[in-house]
Amino acid sequence: MSDQMHPAAPHHLPFFIPGADGSDTLMVVMGVFLVATVLWVGNLYLRLHSLPERMAHRTHKLQFEIVAVLGLISLFTHMHIFWIAGLLLAMIDLPDFGTPIRSIAGSVERIAGAGPDAPDAVAAAEPKSKISDQFGVKTAEREKVRGHA
């Protein structure tokens with residue numbers, strides 16, 4: 001077999017006509033283009049899909065986990081309302097009620113003397129009893145148990 005053109009064929013063939021050896025340049029180019037386009041569109045879709053999660057993570061929102069779960073639900077169920085809810089939740093700044101309440105609770109514990117660093121006034125004021133000495137229970141052990149309660 002020779003790679004010469006048929007005598008009846010025109011001398012100026014377009015580029016998309018396969019050669020006599022069977023090589024199809026247009027098919028290879030379109031295959032590479034198709035793979036690149038599918039990867040690009042998939043990457044764009046996943047970036048757009050994770051937009052609410054990235055927004056909530058960047059601003060250190062308290063509701064980050066809820067936004068992430070809404071994104072996963074919308075990905076697996078193909079219901080876009082979950083994605084929209086996650087996007088809206090990522091944009092809203094919820095107030096932090098936990099920190100002031102913990103501060104108030106710590107202050108109240110300190111005032112009451114029930115904090116972890118406050119001495120147990122009841123155990124210090126109690127004299128050693130004959131019963132505890134009789135059964136071999138040491139006062140330090142009793143204070144340790146009382147501190148856990």
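User: Why are H2 and H3 called roughly antiparallel to each other?

Analyst: This is a predicted model, so local features need pLDDT of at least 70 and side-chain atom pairs count only at pLDDT 80 or more, while totals for chains, interfaces and linings use all residues. Residues are numbered from 1 along each chain as its sequence is written, and side-chain values use heavy atoms, with hydrogens and water left out. Now to your pair: H2 and H3 pack at an angle of about 170°, and their axes are 9 Å apart. The angle runs between N-to-C directions, from 0 to 180 degrees, and the axes are lines fitted to C-alpha atoms, for helices over the stretch in contact. Under 35 degrees counts as roughly parallel, over 145 as roughly antiparallel, 65 to 115 as roughly perpendicular, and the rest as oblique. So H2 and H3 come out as roughly antiparallel. Pro-52, Glu-53, Ala-56 and His-57 of H2 make the contact with Phe-64, Val-67 and Ala-68 of H3, where contact means heavy atoms within 4.5 Å.

User: Is His-49 buried or exposed, and how do you know?

Analyst: His-49, which lies in helix H1, has 14% relative accessibility. Buried means under 20% relative accessible area, exposed means over 50%, and partly exposed is in between (1.4 Å probe, protein chains only). His-49 therefore counts as buried. Leaving out residues up to four places away in sequence, His-49 touches Gly-71, Ser-74, Leu-75 and Trp-83. His-49 and His-80 are 31 residues apart in sequence, yet 9.9 Å apart in space, C-alpha to C-alpha.

User: Ser-74 shows up there, so why is Ser-74 called buried?

Analyst: Ser-74 has 6% relative accessibility, so it counts as buried. Ser-74 sits in helix H3 (residues 64-77). With residues up to four places away in sequence set aside, Ser-74 touches His-49, Met-79, Phe-82 and Trp-83.

User: What makes His-78 count as exposed?

Analyst: Its relative accessibility is 59%, so His-78 counts as exposed. His-78 is in the loop between H3 and helix H4 (80-91). Its phi is near 60°, a positive value in a residue other than glycine.

User: Why is Met-5 called partly exposed?

Analyst: Met-5 has a relative accessible area of 45%, so it gets the in-between label, partly exposed. Met-5 is placed in the segment before helix H1 (25-49).

User: How many helices and strands does the chain have?

Analyst: The chain has 8 helices and 0 strands. Helices (H or I, at least four residues) and strands (E, at least two) are DSSP runs, numbered from the N terminus. Of its 149 residues, 11% count as buried.
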